[in-house]
Amino acid sequence: MDDPCANLAKLTIDKAVVESAVLSDGVCRVNGSAHPVPGSDIRFSVYLPAPNRWSGRYYQIGNGGFAGAIHLPTLDEGARRGDAIAATDTGHRGHGFDASWAPGNSVALADYGWRSIKATRDAAAALVGAYYGRAPIRHYFMGCSNGGRMALM
């Protein structure tokens, strides 16, 4: 039987790779990485509710502090509401109070500063279009702390 979620793992996305696409509790959970420039490694997750539950909305969530992780409970909540929702680690692994990755790392700084937002959005747009066969009718970005700055990017 054809599994539309699993098929996303085969999707070709410009400068990004889908690493996993698994259907769990009625949500297609997609994890991947974007590599818009050499040395860039932006991790992203996109959660897609079942097509019959999709609100037609796309949400992207921001990070707090120095980012470095994806907040999965927020993705779960968004998908439970019926929204396609995405998040990124902003191109490095860590936690919001750790900036040890930044000094001397101009690629990671640009990923954190602006590039990860667009790379995640581009990958999510391809995934949403492939899964639902159409683009979202509404796009939203939400976040606090650093997420407000990210929204401006």
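Author: Let's start at lysine 15, which sits in the loop between H1 and E1. Those labels are DSSP runs, numbered from the N terminus: helices are H or I with at least four residues, strands are E with at least two. Lysine 15 isn't a glycine, yet its phi is positive, about 60°. Before going on, bear in mind that this is a predicted model, where local features need pLDDT of at least 70 and side-chain atom pairs count only at pLDDT 80 or more, while totals for chains, interfaces and linings use all residues. Residues are numbered from 1 along each chain as its sequence is written, and side-chain values use heavy atoms, with hydrogens and water left out.

Now the hairpin. E1 and E2 run antiparallel and are joined by eight bridges; two strands count as paired if DSSP finds at least two bridges between them. Valine 17 is opposite serine 33 in E2, and serine 20 has asparagine 31 of E2 as its bridge partner. Two residues lie between the strands, and aspartate 25 in this hairpin has a positive phi near 55°. Aspartate 25 belongs to the loop between E1 and E2, and it counts as exposed because its relative accessibility is 72%. For these labels, buried is under 20% relative accessible area, exposed is over 50%, and partly exposed is in between (1.4 Å probe, protein chains only).

E2 itself is mostly covered, with seven of its eight residues buried. On to E3: eight bridges pair E2 with E3, again antiparallel, and one of the pairs is valine 27 with proline 49 in E3. The loop between E2 and E3 holds serine 40, which is buried because its relative accessible area is 4%. Not counting residues up to four places away in sequence, serine 40 touches Ala34, His35, Val107, Asp111 and Arg115; contact here means heavy atoms within 4.5 Å.

Zooming out, the sheet is an open one of six strands, in the order E1-E2-E3-E5-E4-E6 and with mixed pairing. Its edge strands are E1 and E6 (138-142), each pairing on one side only. On average, neighbouring strands are turned by 15° against each other, direction ignored. Helix H2 (residues 72-81) packs on this sheet, touching E2, E3, E4 (57-61), E5 and E6, and its direction makes about 25° with that of E3. Angles like that are between N-to-C directions and run from 0 to 180 degrees, with axes as lines fitted to C-alpha atoms, for helices over the stretch in contact. E3 and E5 pair antiparallel over four bridges, with serine 45 partnered by alanine 87 in E5.

H3 lies across E1, E2, E3, E4, E5 and E6, at about 35° to E3. It has a kink of about 65°, centred on arginine 115, a residue that serine 40 touches. That bend is the angle between axes fitted to the seven residues ending there and the seven starting there. After H3 comes glycine 133, with a positive phi near 75°.

Leaving out residues up to four places away in sequence, valine 46 touches Cys28, Arg29, Val30, Ile85, Ala86, Ala124 and Leu127.

Last stop, cysteine 5 in H1 (residues 4-7). Cysteine 5 counts as buried because its relative accessibility is 1%. Leaving aside neighbours within four places in sequence, it contacts Ala21, Val22, Leu23, Cys28, Arg29 and Tyr131; Cys28 and Arg29 are also touched by valine 46.
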